[in-house]
Amino acid sequence: MDTKTIRGKAAIIGAGISPLGKVPGKSPLWLAAQATKEALADAGLVKGDIDGILSGHSFASPFHRFSIALSEYIGITPTFANNYQVSGATAATMFNTAAAALECGLAKNILIVGGDSMLSGLNPELAMRAMTESRDQQYEMPFGIPAANTFAMTAHRHMKDYGTTPEQLAKVAVIQRNNAIKTPGAQMTAPITIEDVLSSKMVTSPYHKLDCSLISDGGVAFIMTSADRAKDSKSKPLYILGGGECYTHEHLFLAPSIVSTGAVQSSKNAYKMAGVTPDDIDFAGVYDCFTGTVIMMLEDLGFCKKGEGGPFVEAGEIELGGKIPINTHGGLLSHCHPGIPGSLLHFYEAVKQLRGRANQQQVKGAELALVHSLGAGFATHATTIIGTDVTL
Amino acid sequence: MSSLQQAHLKPMPMPDADSAELWKGLKEGKLFLQHCQDCNHIQYYHQAICRECLGENLVEKEASGRGLVYSYSVVYRAPGPAFKDDTPYAVVLVELEEGPRMISSMVDVAAEDVGFDMKVEMVVEPVNDEISLPRFRPISR
């Protein structure tokens with residue numbers, strides 16, 4: 001049996017965010033740098049302690065090497081670096097890879113970071129086009145596929161196969177708006193109803209405007225170190241217990257299935273490595289680019305049976321006090337969605353929950369969290385399971 | 001990333017070493033699928049090796065061009081200025097009779113009238129000297 005694992009080998013010791021939402025006049029590098037400063041202070045480290053850096057892509061500052069550009073911007077000379085690009089799944093891949101790199105001695109303290117100004121740094125028409133250009137130029141883009149469309153077609157088929165309703169989709173948006181209202185700094189804070197979602201403009205069926213996530217500015221950063229060094233950390237270390245990834249296709253028309261995704265395998269690998277089951281998870285950060293995405297992921301991550309995501313949401317199981325509270329900060333739908341850093345905000349919320357600092361949104365006794373990142377019309381999936389010291 | 005000026009132009013396929021034959025066929029109004037002579041796999045789109053067995057013994061056969069709408073989405077908010085005048089339009093995931101699926105969009109039908117399992121057939125839409133796009137219309141009886 002192969003016993004190699006990252007379970008308990010590395011920990012998150014610092015977390016930071018920049019101003020979020022609409023942040024005009026600030027570059028993606030500035031946003032990333034602000035988050036980095038806050039994460040360093042949180043970890044009780046200085047910039048010279050960082051010897052590794054992993055970043056995601058920035059649409060508004062499309063450096064080929066964002067991690068290297070940021071290193072220059074903040075004046076560090078790392079000896080381990082990369083810029084990962086698996087779309088929305090990038091966030092979790094950075095945590096999983098950082099844990100492995102720390103365990104194998106490639107670095108001592110790794111900065112995981114993303115920053116983008118999708119809202120203020122890009123003309124709205126260019127932002128739409130930029131996201132569309134991640135689709136293939138020959139077989140998808142010529143037909144006018146919005147980023148939303150690949151997700152819309154999967155949700156649509158899910159509705160046909162399992163009877164998932166527009167009201168159930170809308171309920172996801174309503175729950176997450178309620179969470180955002182209780183989160184300081186959230187971009188959207190006006191209460192909404194299921195009726196509001198259903199009467200908002202149709203963007204690409206079955207998705208109305210309020211079924212779609214936001215466009216925002218923001219930077220998010222974390223410091224990770226080895227479990228040994230984490231013991232002396234200023235903050236409460238949170239350990240990486242398991243990681244998994246799965247990539248099923250590049251073009252949506254070659255997906256093995258559009259109603260069951262690579263999240264099944266990605267999370268299965270993460271659960272196995274962590275030695276836990278979906279029932280053990282106290283809090284989940286679930287990638288929520290669209291409402292239907294959440295419903296499908298609740299199934300594929302094992303929180304409910306296939307096809308039962310809609311009724312599961314309807315029964316309040318993803319709210320505080322439910323079977324699995326998710327996205328207690330409001331998520332990409334209502335809190336903030338600055339592109340690639342968006343899924344890092346799910347990790348930021350997981351850190352808050354596991355430190356017991358989520359205030360009125362606190363999941364009581366939260367010790368074990370799962371974050372699932374995904375992207376590119378369900379082409380890319382990555383899962384990370386994180387726990388406090390009692391879960392080791 | 002494109003400039004604002006480019007964003008007003010529709011993206012055009014640029015045939016490459018793998019796909020040149022596919023686009024050549026479409027220019028003549030024919031949809032070709034690749035049939036693997038070693039493992040019987042049938043694939044869309046064109047590439048130099050079989051996606052299943054990695055063999056290179058691929059034969060082109062013209063497809064019927066008929067299929068069913070496996071899923072769809074009607075686009076009301078265009079992905080950038082180039083598609084604004086087309087809305088609403090229906091993007092479809094078509095399952096061809098031969099098995100492979102492909103992404104396209106519908107013509108000759110109101111976007112709102114497109115539905116699951118609708119029987120469709122391919123029509124080609126010439127867009128420039130080199131490229132004709134494969135699009136679909138309902139099969140009328």
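**Entry 1: the β2-β3 loop of chain B.** I located Tyr45(B) in the loop between β2 and β3 of chain B; strands here are DSSP runs of E with at least two residues, and helices are runs of H or I with at least four, both numbered from the N terminus. I found that the peptide bond joining Tyr44(B) and Tyr45(B) is cis, with omega about 10 degrees.

I note for the record that this is a predicted model, in which local features need pLDDT of at least 70 and side-chain atom pairs count only at pLDDT 80 or more, while totals for chains, interfaces and linings use all residues. Residues are numbered from 1 along each chain as its sequence is written, and chains are lettered from A and ligands numbered from 1 in the order in which they are written.

Entry 2: Pro88(B) belongs to the loop between β4 (66-75) and β5 (89-96) of chain B.

**Entry 3: the sheet.** I traced an open sheet of 3 strands in chain B, in the order β2-β1-β3 with antiparallel pairing; two strands pair if DSSP finds at least two bridges between them. Its edge strands, β2 (42-43) and β3 (58-62) of chain B, each pair on one side only. Strand β1 (residues 32-36) of chain B pairs with β2(B) in the antiparallel sense over 2 bridges. Opposite Ile42(B) in β2(B), I found His35(B).

Entry 4: Most residues other than glycine have a negative phi. Asn40(B) sits in the loop between β1 and β2 of chain B, and Asp117(B) in the loop between β6 (101-105) and β7 (119-126) of chain B. I classed a residue as buried if 20 or more other C-beta atoms lie within 10 Å of its own, exposed if 12 or fewer, and partly exposed in between, with C-beta atoms placed from the backbone. Asn40(B) is exposed, with 10 other C-beta atoms within 10 Å; Asp117(B) is exposed, also with 10.

**Entry 5: the core.** I examined the largest nonpolar core, which has 169 residues; such a core is a set of buried Ala, Val, Leu, Ile, Met, Phe, Trp, Tyr and Cys residues joined through C-beta atoms within 7 Å. Among the residues touching the most other members are Ala98(A), Met224(A), Ile386(A) and Val92(B). Not counting residues up to four places away in sequence, Ile386(A) touches residues including Ile12(A), Leu238(A), Ala350(A) and Ala369(A); contact requires C-beta atoms, placed from the backbone, within 7 Å.

Definitions and conventions:
Two residues are in contact if their C-beta atoms, placed from the backbone, lie within 7 Å.
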